Amino acid sequence: MTKWVYAFGGGNADGDTSMKNLLGGKGANLAEMASLGLPVPPGFTMTTDVCTSYYDNDKTYPDDLTRQVETGLAHVEKITGKTFGDTSNPLLVSVRSGARASMPGMMDTVLNLGLNDETVQGLAELSGDRRFALDSYRRFITMYSDVVLGVHHHNFEDIIEQHKDNQGYMLDTEMSADDWAKVIEGFKEVVRDDLGRDFPQDPKDQLWGAIDAVFGSWMNDRAIVYRRLNDIPAEWGTAVNVQAMVFGNMGETSATGVAFTRDPSTGENKYYGEFLINAQGEDVVAGIRTPQTLTKIAREEMGETNPSMEEALPDVYKQLAGTFETLEAHYKDMQDIEFTVEQGSLWLLQTRTGKRTAKAAMRIAVEMAESGQITKEQAILRVDPMSLDQLLHPTLDPEAPRDIVAMGLPASPGAAIGEVVFSSDEAEAMAKAGKKVILVRIETSPEDIHGMHAAEAIVTARGGMTSHAAVVARGMGTPCVSGAGEIRIDYEAEKFSVAGRVINKGDVVTVDGATGQVFAGEVDMIQPELSGNFAKIMAWADEYRTLEVRTNAETPNDVKTAVGFGAEGIGLCRTEHMFFEADRLSYFREMILASDKSGREDALAKILPVQRDDFAAIFRIMEDRPCTIRLLDPPLHEFLPHTESDIESVAMATGLSTSELMARARDLHESNPMLGHRGCRLGISYPEIYEMQARAIFEAQKLVESETGKKPVAEIMVPLVSSAKELEILKNAIEHVSDDVGGVEFTVGTMIELPRAALRAGDIAEHAAFFSFGTNDLTQTTFGLSRDDAGKFLPDYVAQGIMEKDPFVTLDQDGVGDLISIAKDRGRAVKSDIKLGICGEHGGDPASISFCHNTGLDYVSCSPYRVPIARLAAAQAAIRQS
């Protein structure tokens, strides 16, 4: 019989941390903490297999689940000495999600479950605190109605605010037991009016309603968006955890909080977190109340006056600090911990590997490795390669003038400039239109995930360092300022004001997440310094990786940037980009418009010195590193004018009439230019073009060698080859030019970007020193997709499981990958030392880099800012394979 339910608590557990795929991260870690003897409220976990079965069977549960849940409840009752549904000694539980990958705030939670009109009286008598019991009941009605019954929480918040206004109260803590009793009656009336039935009173009905809701939330919109953004497969499912309630809202010796064993923004080895006295967990993460600091030092640094937990609850704080040490030593990584203090007793509700910024990840990995807690290999694997992007871009210039508008908490580091928007939908729409936006909200909720992802930075008026906005922003690497309490936001008027100053929608602001400051207008930026822990991790990565990492670059600025990031060569220099420069575009158009070969050669002679200078500038920077230079690839019509004014100016410059010019453009027009007269086909029809480019390369080599003494390494790449004969003809032409120039060393290879080329790689290898897989076009020609148009429908394919990922972002290993493997095997069977690499956008994608390593390629090539990402991903691939 299948085991669907795993119990934990009382110093024992059915599971452990190795069962994360089955129990989810939360369930596995609760089981592990219970086995370690840490204070964990007892409970049980319904496995991710239940979730899979639920969706596979039209949202119905396995036959034996009800019995196993009842057994789990009995386990909790035995440990706590309380009974679920009992009116005098009621057991109350929480129902929470818990997927194998952390998805903070994306799925549903219900607290205080088991309360009704009768059990609330038993809780009041048991605790001796009627106000606490009614406070817990009103929280339960709000949360259950919102999550399970679909009655929006603002209906209940409005009742509370109206009651407070009527009584002249400012804070919830001023509400008495009688006040809460009146509010609860209003709550129940809202449910009755909205649903036409009373709020459910049977605890077992409440429990199954909550279980349904939490499993159902796996497929809510925000969870789907979060999974898409973080590459979490839908088939993983979520577990559901049912756990005995402990209460942080039982007075001044009770509290709730969130803590990290190290600073998740900087990685500094000091405790970091927040807590609230006389509160429940949702109060901290929702940002409704601004929390207090965990430590005295943090309070002093933040300039806060309210006491820290270290000062307010010193004995419990000491116990919590000991727990931090235990958990970090056990898991060997920074932990994110949720805790509750019930009348002076500490309870742990969750631990998980904490989300952190790239800067923090670097520091934590390096310091743990240097202290001997983890190995260098583990340190390398700890850093997400894609997160390095956060470190590779400019930050605010400390010397630049600044006009400060608002100040809040430095919730997620980084700097960004953009236009102010006040809704997540608008942030997403404007970002899709190419605008940079700053999302400003009173507070964020999980429903804002799409807008948060689209925004350059996030600013909230409420919330602390562990609020929803702060945690999600840090995970995304997005700058965030939270708790900017002086901001007054008017959603209707689309503006915010601070001390009489108004910032409207569309106004440009600069956000500095490292200092918690918001500035009017644009503040100057400076380039990052990549030293310290970054340099150490990169050096360690270089020790382990076997793949060479090159760059795709053709301008001196890009080449310098890539070399600074550790590029070991150029894997793709696109020579056509050079022709679009204004000082040589007219010459190239003259060549295209020439009526015969002689006219083309005259125009190309004007281009030659400019092209030679381009290559020389690159060779000077690259010195003796290899440079793969792709000869002209795009169809000629792309270089011709398209607007009426451009046509007239070109006609004047060339002496042609506009009608002659337009006739030539019509001659060059193609119905499907991506598969038309481009690449090596141009070289076959107009060999003088490739001969000029080869001459420019060879003359630049000789020039730079004479200047510097360094011997530039030229790898000349012929694009879009589909047969060996094409490459043979063009290679012979290139070699003829080299004989004429004399004294140069070079190799000739080709770009494998057509399925036929992959299949005929053995023949082609006879004439090639290297293959560079152009995975952008190889993906297009394998799938029969246009990269420029497929974005309109590929999201539907990913959403429906037809494709796991967009094949233009992550390499399709089954189809395109098979062609690469075939080409590798057939090419090396003919020429064992043929050099193999990829130069499409996939060269900077970690999953694609792993494929390249496992397949046995020699190098990957990517854009300059992806070079560090590729270096780290290549090292991780090598470590995982070893």
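1. Rings of Phe, Tyr and Trp, the last taken by its six-membered ring, are paired here if their centres lie within 6.5 Å. In this predicted model, ring pairs of that kind link Tyr54, Tyr55, Tyr61, Trp208 and Phe215 into a cluster.

2. A search of the whole structure gives 16 aromatic pairs. One of them joins Phe422 and Phe496 in an edge-to-face arrangement, with 6.4 Å from centre to centre and 70° between the planes. This pair links distant parts of the chain, since Phe422 lies in the loop between strand E17 (415-421) and helix H16 (424-432), whereas Phe496 belongs to strand E22 (residues 495-498), and the two are 74 residues apart. Both Phe422 and Phe496 are buried.

3. Phe698 and Phe746 form an aromatic pair that is tilted, with 4.7 Å between the centres and 45° between the planes. Here too the pair links distant parts of the chain: Phe698 sits in helix H27 (residues 687-708) and Phe746 in strand E31 (residues 746-752), 48 residues apart. As to burial, the cut-off that matters is a relative accessible area under 20%; Phe698, at 0% relative accessibility, therefore counts as buried, while Phe746, with a relative accessible area of 22%, is partly exposed.

4. Charged side chains also meet aromatic rings. The charged end of Lys3 sits over the ring of Tyr6, at 4.9 Å from the ring centre, and the charged end of Arg550 sits over the ring of Tyr859, at 4.2 Å from its centre.

5. Turning to the strands, six of them form an open sheet in the order E2-E1-E3-E8-E6-E7, with antiparallel pairing. Strand E2 (12-13) and strand E7 (109-113) stand at the edges with a single partner strand each, so one side of each is left without a neighbour in the sheet.

6. Within this sheet, strand E3 (residues 43-46) and strand E8 (residues 238-244) pair in the antiparallel sense over four bridges, and Gly43 stands opposite Gln243 in E8. E8 also pairs with E6, again in the antiparallel sense, over seven bridges; in that pairing Ser94 stands opposite Gln243 in E8.

7. Seven of the seven residues of strand E6 (residues 93-99) are buried, so E6 is largely enclosed by the rest of the structure. In a regular strand the side chains alternate between the two faces of the sheet. For E6, both faces are covered: on one side Val93, Val95, Ser97 and Ala99 are buried, and on the other Ser94, Arg96 and Gly98 are buried as well.

8. Helix H19 (residues 533-544) has twelve residues and reaches 17 Å from its first C-alpha to its last, which is close to the 16 Å expected at 1.5 Å a residue. Its residues Phe534, Ile537, Met538, Trp540 and Ala541 are buried, and because these cover an arc of only 160° around the axis, they lie on the same side of H19. What do the buried residues of H19 pack against? Their contacts are with helix H14 (358-370), helix H15 (376-382) and helix H36 (867-881).

Technical notes
Residues are numbered from 1 along each chain as its sequence is written. This is a predicted model: local features need pLDDT of at least 70, side-chain atom pairs count only at pLDDT 80 or more; totals for chains, interfaces and linings use all residues. Side-chain values use heavy atoms; hydrogens and water are left out. Two strands pair if DSSP finds at least two bridges between them. Rings of Phe, Tyr and Trp (its six-membered ring) pair if their centres lie within 6.5 Å; planes under 30 degrees apart count as stacked, over 60 as edge-to-face and the rest as tilted. Buried means under 20% relative accessible area, exposed over 50%, partly exposed in between (1.4 Å probe, protein chains only). A charge sits over a ring if NZ of Lys or CZ of Arg is within 6 Å of the ring centre and within 35 degrees of the ring normal. The expected span of a helix is 1.5 Å times one less than its number of residues. The arc is that of the directions from the helix axis to the C-beta atoms. Contact means heavy atoms within 4.5 Å.
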